Amino acid sequence: DCSSLQQLPDSLCALTNLQELCLYDCSSLQQLPDSLCALTNLQELFLCDCSSLQQLPDSLGALTGLRVLNISYCSSLQQMPDYITALTRLQLGGQFRRRLRFAL
């Protein structure tokens with residue numbers, strides 16, 4: 001249960017071989033660190049039901065291996081990076097998808 005997690009630890013970015021990061025129901029998480037771009041091997045990022053998350057860092061676009069992004073039920077999400085170059089699958093869910101503006 002990560003419902004009380006407000007921020008990710010800085011040490012997470014040292015996991016440069018991490019390929020999949022799953023953050024489910026982290027309802028207190030408000031932002032992701034810009035240093036997330038250090039996860040150069042990250043291929044899949046799941047941010048399901050992170051209801052306080054307001055935006056994704058622009059540095060996410062620097063993850064050239066990121067193929068899957070799931071932001072289902074991130075009801076406060078208002079902004080995404082302008083470009084996520086390697087993305088092949090974007091999963092949206094919930095009512096917010098009508099409000100979200102971005103360019104892939």
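1. The protein chain has zero helices and four strands, where helices (H or I, at least four residues) and strands (E, at least two) are DSSP runs, numbered from the N terminus. Read from the N terminus on, the elements follow the order β-β-β-β.

2. A note on the basis of these values: this is a predicted model, in which local features need pLDDT of at least 70 and side-chain atom pairs count only at pLDDT 80 or more, while totals for chains, interfaces and linings use all residues. Residues are numbered from 1 along each chain as its sequence is written, and side-chain values use heavy atoms, with hydrogens and water left out.

3. On overall dimensions, the radius of gyration of the protein chain is 13 Å, which agrees with the value near 13 Å that a compact globule of 104 residues would have; the radius is taken over C-alpha atoms, and the globule rule is 2.2 Å times the number of residues to the power 0.38. Along the principal axes, the C-alpha atoms fill a box of roughly 35 × 30 × 15 Å.

4. Of the 104 residues in the protein chain, 40% are buried (buried means under 20% relative accessible area, exposed over 50%, partly exposed in between, with a 1.4 Å probe and protein chains only). Leaving aside neighbours within four places in sequence, Leu45 is in contact (heavy atoms within 4.5 Å) with several residues, among them Leu21, Leu36, Leu60 and Val68.

5. Glu20 belongs to strand β1 (residues 20-22) and is partly exposed, at a relative accessible area of 43%. Beyond its neighbours within four places in sequence, Glu20 is in contact with Leu42, Glu44 and Phe46, and its C-alpha atom is separated by 9.3 Å from that of Leu66, 46 residues apart along the chain.

6. Asp49, in the loop between β2 (44-46) and β3 (68-70), has a positive phi of about 60 degrees although it is not a glycine, and at 36% relative accessibility Asp49 counts as partly exposed. Tyr73, in the loop between β3 and β4 (89-91), likewise has a positive phi of about 60 degrees without being a glycine, and counts as exposed at 51% relative accessibility.
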